[in-house]
Every structure is written in structure tokens, then in C-alpha cells.
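Subject: Structure for your review

Hello,

Please find the structure below, with notes on what was found in it after that.

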Amino acid sequence: MYYSVIYQSKSQSHFAPMDIELMLMKAKRKNKRLKITGCIVYGDNKFIQLIQGPKDAIIDLYKEIKADKRHFKVTTLLEQSTEQKIWSDWSMAMLDFSGNVKQVMNSRILLESYLENVTPKEKESDSYKVFRASVNDLLNASEQHV
């Protein structure tokens, strides 16, 4: 049994792409050690993240995430136990939809690949449905601002 958290937040205005890369490198190392998997999507100065793993590790990590001053308005979209991880073979994926058109298109293709390459059972899970719908909402809002 695993634990899942999905949240959205707004980045501080001074948060730069280099900050995101540094954050991702640290998260990958830590998540691997703690057996946590996840995916974070960034666009329109907002984050949506799914993290899954052992319950105690996820609860501790989410406390750290909520206290992180690089973002605010952290809103929990889903927090629950789950039978399996959506993506069990990576520590953290990052999709950045804040760059140029080519980067956004590459991220969109990668996102669709990630979302389609899950088991049919996982596609029925609340974690998958909430994450996918939230990311779609974020991307639709981002496209309206372009």
C-alpha cells in the first residue's frame, strides 16, 4: 500500500528556470532514497505535483513542500492511500510548460506519453484522474495567457 498526494501551488515571482532544475536534481536524489515517485508540472507560474510512496515519507515530504518559501497558495487536491504507484520506475519527472513553443510542444508530447503508459487499472485510480484533470486545467489556462 502506498500514499498519494496531489497539490497545486503558485511560484514566487523570482523563481527562475534554473531554480526549477536545481530543485529537480535534489528531489530526484531524495525521492530515490525514500522510495518516492512523482511528477511535477510547471506552467503559468503554477505547479501541480503528484507524489507517491510510503505513507510516512509522503507525509513528511508534503510538510516540507508546504513550508517551502519558493511557492505559496499550496492547495491539496488529493491525499489518500493507494494500491500502487502510477509510475514506479522513476524518482521524479518534471515537465516545464513555461518556455518557448518548441519546449512546450516537447513537454506536451512527453506528458501524453507518461499519461498513456500506465496500466489500465491505474487509469481508473483517483490519483490518475485528479492529476490528469488538474494538469489539463493548468495547461488550458496557460494557453489562454499566451
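Buried here means under 20% relative accessible area, exposed means over 50%, and partly exposed is in between, with a 1.4 Å probe and protein chains only. Helices (H or I, at least four residues) and strands (E, at least two) are DSSP runs, numbered from the N terminus. The model is predicted, so local features need pLDDT of at least 70 and side-chain atom pairs count only at pLDDT 80 or more, while totals for chains, interfaces and linings use all residues. Residues are numbered from 1 along each chain as its sequence is written, and side-chain values use heavy atoms, with hydrogens and water left out.

Helix H2

H2 covers residues 55-67. The expected span of a helix is taken as 1.5 Å times one less than its number of residues. Ala57, Ile58, Leu61, Tyr62 and Ile65 are the buried residues of H2. They sit on the same side of H2, because they cover an arc of only 125° around the axis; the arc is that of the directions from the helix axis to the C-beta atoms. The face turned away from this buried side carries the exposed residues Asp56 and Lys63. Strand S1 (2-11), H1, S3 and strand S4 (71-82) are among the elements that cover the buried residues of H2, where contact means heavy atoms within 4.5 Å.

H1 has 18 residues and reaches 25 Å from its first C-alpha to its last, close to the 26 Å expected. In H1 the buried residues are Ile20, Met23, Leu24 and Asn31. Seen down the axis of H1, the buried residues fall within an arc of 105°, so they line one face of the helix. As background, an α-helix has 3.6 residues a turn, so residues three or four places apart point the same way. The other side of H1 has Met18, Lys26, Arg29, Lys32 and Arg33 exposed. S2, S3, H2 and S5 are what the buried residues of H1 pack against.

Two backbone angles may be worth a look. Lysine 35 is placed in the loop between H1 and strand S2 (37-43) and is exposed, with a relative accessible area of 59%. Aspartate 44 has a phi near 55°, also positive in a residue other than glycine. Aspartate 44 lies in the loop between S2 and S3 and counts as partly exposed at 23% relative accessibility.

The largest pocket

A pocket is an open set of points on a 1 Å grid over the protein atoms alone, where a 1.4 Å probe fits, with protein on both sides within 12 Å along at least five of seven lines; lining residues have an atom within 4 Å of a point. The largest pocket holds about 420 Å³ of space, the volume being the space filled by probe spheres set on the points, which are joined across faces, edges and corners. It is lined by 20 residues, and the closest to its centre are Met23, Ala27, Ile65, Asp68 and Arg70. H1 (17-34), strand S3 (46-53) and H2 each supply at least two residues of the lining, and the largest share, seven residues, comes from H1. The lining divides into twelve nonpolar, three polar and five charged residues. Ala, Val, Leu, Ile, Met, Phe, Trp, Tyr, Cys and Pro count as nonpolar, Asp, Glu, Lys and Arg as charged, and the others, Gly among them, as polar.

The 16 residues of H3 should span 22 Å, and the end C-alpha atoms are 22 Å apart, which agrees. Ser107, Leu111, Tyr114 and Leu115 are the buried residues of H3. They cover an arc of only 90° around the axis, which puts them on the same side of H3. Val101, Lys102 and Ile109 are exposed on the face turned away from the buried side.

Aspartate 96, in strand S5 (residues 93-96), counts as buried at 13% relative accessibility. Leaving aside neighbours within four places in sequence, aspartate 96 is in contact with Ile20, Tyr42, Gln103 and Ser107. Leucine 139, in helix H5 (residues 126-144), counts as buried at 2% relative accessibility. Not counting residues up to four places away in sequence, leucine 139 touches Phe97, Arg108 and Leu111.

Regards
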